[in-house]
Amino acid sequence: SSSFSLTTTTTLPLLDPPPDCLHDISYPTGSMVNDNAGGYSSRMCWTKCEEEDRCRYWDYGEGVCRLRSGSGSGAEESSGFQGGVRGCKLQDEYVPPQDQPETS
């Protein structure tokens with residue numbers, strides 16, 4: 001009888017080319033790996049995800065970097081946040097748009 005074994009690895013293949021990281025989104029339903037991984041920018045959070053084997057998605061906003069093992073039900077709109085899949089293409093450092101002045 002022929003037997004075959006599936007090789008399982010802990011790292012998922014990265015998409016090539018990687019997708020762009022996203023602005024104004026977060027993954028609130030994704031399984032949390034670290035809910036405050038440190039870092040004070042989206043670029044640092046991106047790096048924290050790269051350094052954490054279990055991290056597959058990350059989002060950064062309100063000064064907090066969150067690492068997640070999955071996207072849950074997917075990205076949801078979160079103003080001022082940035083995030084994406086591990087290894088996503090990080091654009092220039094994102095600065096959320098300032099609140100528009102109210103016109104009276």
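What follows goes from the sheet to the residues.

This is a predicted model, in which local features need pLDDT of at least 70 and side-chain atom pairs count only at pLDDT 80 or more, while totals for chains, interfaces and linings use all residues. Residues are numbered from 1 along each chain as its sequence is written, and side-chain values use heavy atoms, with hydrogens and water left out.

An open sheet of 5 strands has the order S1-S5-S3-S4-S2 with antiparallel pairing, where strands are DSSP runs of E with at least two residues, numbered from the N terminus, and two strands pair if DSSP finds at least two bridges between them. Because strand S1 (22-26) and strand S2 (32-34) each have a single partner strand, they stand at the edges, and one side of each is left without a neighbour in the sheet. S2 and S4 run antiparallel and are joined by 2 bridges, with methionine 32 opposite arginine 68 in S4.

Arginine 66 is found in strand S4 (residues 64-68) and is buried, with a relative accessible area of 15%, where buried means under 20% relative accessible area with a 1.4 Å probe and protein chains only. A polar atom of the arginine 66 side chain lies 3.3 Å from the backbone oxygen of valine 64.

Leucine 67, which also lies in strand S4, counts as buried at 3% relative accessibility. The C-alpha atoms of leucine 67 and arginine 54 are 8.5 Å apart in space, although these residues are 13 apart in sequence.

Notes
Helix = DSSP H or I, 4+ residues; strand = E, 2+ residues; numbered from the N terminus. Buried < 20%, exposed > 50% of the residue type's maximum accessible area, 1.4 Å probe, protein only. Polar contact = N/O pair within 3.5 Å; in protein donor to acceptor, adjacent residues only side chain to side chain.
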